[in-house]
Amino acid sequence: MMQSAFYIISYLLLFSAVLFVKKTDEKENAVTFITLSIMTTFCYQALIAGIFSKLGISISIVSVGAIELVTGIIIWGLNKKYGTQRYTVSRADIMGVLSAFLVAGFYFAKRMNFGREINFVSIDSASHFRVAKAVAVEHRLYTEMFFAAVNSGLPMEAARPITGDFDMYKVFLLWETGYLFLAGLCFYIIIVQIVKQSGSKPVAVLSMILYMLGYPLYSYIFGFSYFGLCMSLIVYILYAAAYFITGRINRISNYIMINLGLFGLFLCYMMFVPAVYFGVLIAIIAGLIVRHELKLGKLIKQGLGVFLIPSVMGLIFTFMNFKYVTSDVIENGDETGSLGIATDGGCYNDMYSNFVFLLPFIVYGVVLVIARVKELRRENRSEKTGIKAEDSLGITTVSMLFTLIIFMAVLFIGAMHGKVSVYYYVRNNNVLWLFAWIMAAECINALWKQHKGLIISLFAVFSILVIMIGTNIDERILEKNDRFIEVGSGDILNVYQFNHEFNRYPSTIWVKDMELIEYTYTDLRDKETGKLPVLGDPVFCAWVQAITDTDTISVDNTERINTMDMSQYKYIVVQYDGTFIDRSNTIDLDYEIKFENERGFVAEIR
């Protein structure tokens with residue numbers, strides 16, 4: 001308990017020190033810099049963990065907490081010397097934070113039953129829990145992309161005196177929900193910086209909710225923690241790059257932010273590194289062009305300051321993953337191997353339907369930003385007016401959008417020739433979703449004063465379509481009269497339909513299922529079980545292995561059990577799901593039930 005308290009105090013000291021570093025002489029938005037400070041500490045924790053792993057030092061709340069304590073003390077000493085940052089909070093900020101919290105809280109209650117159930121769609125969720133648990137229990141890294149694992153694993157270890165080892169999964173579920181909340185906050189701090197017209201804040205909050213219910217919720221439903229967190233990290237980089245081209249905050253803080261963010265991107269999901277890195281470079285060039293300061297020497301100096309350290313360190317830490325993605329065939333111990341970037345996998349693979357409605361916003365937003373860049377360049381020719389914060393965010397977003405589209409075009413060509421899988425191509429839609437909504441903010445800001453009614457009408461239509469999906473109106477109409485063409489609101493905004501469909505189904509792992517897993521963990525962990533066959537839903541099987549640390553064999557139907565040589569196994573875990581409804585669905589096995597409830601049983605094989 002003392003170690004946990006030490007880590008919490010150390011983290012809060014570091015967080016508060018970063019938050020109150022003097023960035024400007026003006027009062028800044030508190031929600032913006034609280035969110036950015038959270039991301040800064042996340043990046044810093046990942047950096048510490050990475051260095052410790054290379055030096056062979058245990059990654060724990062004590063070792064990481066010690067570095068954070070020292071760093072926090074040093075930064076607070078500098079804060080005392082140079083002054084602290086002042087902040088302000090508006091009612092719109094409170095409404096934005098509360099809305100993001102309610103959305104995330106709703107799905108935590110609905111899908112996870114406040115942490116008592118596990119309702120992820122993908123078995124990947126169990127893998128992400130295992131790598132976070134490795135940090136919490138074994139104090140080491142299991143993967144090269146460990147950004148999410150470290151930032152989930154350390155809180156899991158800190159809570160361990162309260163939860164014990166078994167209930168650590170509840171902290172993981174809470175942190176997964178926290179990443180959804182953070183995604184909303186990160187989007188909110190972007191959109192309120194851009195949308196500053198009087199009376200437009202409710203539309204900004206509504207945009208945040210609609211953004212969260214799309215791809216961020218998809219990441220949450222599937223348990224792609226590293227992926228959802230990566231979108232927040234890209235927002236952090238957007239902000240850091242925007243501040244960099246304006247020179248609005250002190251340069252040392254800005255260099256630290258942008259270096260931490262770019263390095264963190266390698267550790268979070270390096271697939272997005274090319275588009276983001278080149279986007280930041282274009283944004284820096286655009287900033288120099290606007291201020292009439294584009295000189296080769298200055299560009300090289302700034303480029304080295306921004307990219308050298310994160311690029312070198314990023315490749316050091318993730319080179320093997322880079323090699324995996326870019327190689328044609330990687331042997332991984334099985335018979336087939338993996339095909340690098342051509343390897344396919346389960347994912348949401350809608351190609352473009354979700355962007356049709358937003359496309360006018362994207363195009364017009366890009367036009368507005370380019371026009372504003374030309375105007376700023378003219379203004380800076382006669383007098384040095386600089387670049388405003390909202391303009392810099394637009395410039396940075398358009399720069400990254402431009403490089404992302406080029407990157408996706410290359411991947412698309414590769415996909416058409418079988419060199420790139422759809423799995424890798426459509427993952428970029430998560431980033432495109434973020435940029436599309438930022439461009440929507442640019443449009444809102446430009447059109448609000450003269451075309452308020454149009455903006456409200458567009459968002460009203462968008463919201464009505466989402467409500468139609470959530471209330472299954474299309475299905476009800478077809479039930480009454482199937483003569484109508486079966487094209488509904490979900491075909492226009494498919495990501496909402498996709499998420500809604502998964503939210504309609506009951507949980508994968510109920511409370512009673514957790515009792516089965518807990519019995520397996522408690523009563524079998526000290527016994528020589530050997531390999532443990534688990535009959536049930538694949539997600540249930542994956543989580544049995546993840547929580548109990550047992551070498552399991554996932555079996556999804558009774559026919560396979562009946563054809564297996566079961567003499568080599570001592571125990572079996574059975575879940576009553578779609579493949580094994582109850583004990584009347586016989587398995588040819590002599591077993592003695594050790595624990596049973598209405599969701600399944602654990603048995604010893606005779």
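These are my notebook entries on a few features I looked up in this predicted model.

**Ground rules.** I number residues from 1 along each chain as its sequence is written, and side-chain values use heavy atoms, with hydrogens and water left out. Because the model is predicted, local features need pLDDT of at least 70 and side-chain atom pairs count only at pLDDT 80 or more, while totals for chains, interfaces and linings use all residues.

**Cysteines.** I searched the whole structure for disulfides (a pair of cysteine sulfur atoms within 2.5 Å) and found zero. I then checked C230, which is in no disulfide; its nearest cysteine sulfur belongs to C268, 4.1 Å away. Is C230 buried or exposed? C230 is buried, at 0% relative accessible area (buried is under 20%, exposed over 50%, partly exposed in between, with a 1.4 Å probe and protein chains only). C268 is likewise buried, at 0%.

**Helix α5.** The 15 residues of α5 reach 20 Å from first C-alpha to last, close to the 21 Å expected at 1.5 Å a residue; the expected span is 1.5 Å times one less than the number of residues. Among the buried residues of α5 I noted H128, F129 and K133. The buried residues of α5 pack against several helices, including α8 (168–194), α11 (225–246) and α25 (538–548). Just after α5, H139 takes a positive phi of about 60°.

I found F114 with a positive phi of about 55°, although F114 is not a glycine. F114 lies in the loop between α4 (91–112) and α5, and is exposed at 57% relative accessible area. N472 is another non-glycine residue with a positive phi, near 60°. Where does N472 sit? I placed N472 in the loop between α20 and α21 (473–480); N472 is buried, with a relative accessible area of 18%.

**M468.** I found M468 in helix α20 (residues 452–470), partly exposed at 21% relative accessibility. Leaving aside neighbours within four places in sequence, which residues does M468 contact? They are I473, D474 and S489, where contact means heavy atoms within 4.5 Å. M468 and G490 are 22 residues apart in sequence, yet 8.6 Å apart in space, C-alpha to C-alpha.

**Salt bridges.** I counted 20 salt bridges, taking each as a side-chain nitrogen of Lys or Arg within 4 Å of a carboxyl oxygen of Asp or Glu. In one of them, K22 meets D25 at 3.5 Å, N to O; K22 is partly exposed at 27%, and D25 is exposed at 60%. E375 and R372 pair at 3.0 Å, N to O. These two are three residues apart in helix α16 (residues 359–382), so about one helical turn separates E375 from R372. K512 is partly exposed at 29%, and E515 is partly exposed at 26%. Salt bridges that share partners also join R372, E375, E379 and D391 into one network.

Note on methods: Helix = DSSP H or I, 4+ residues; strand = E, 2+ residues; numbered from the N terminus.
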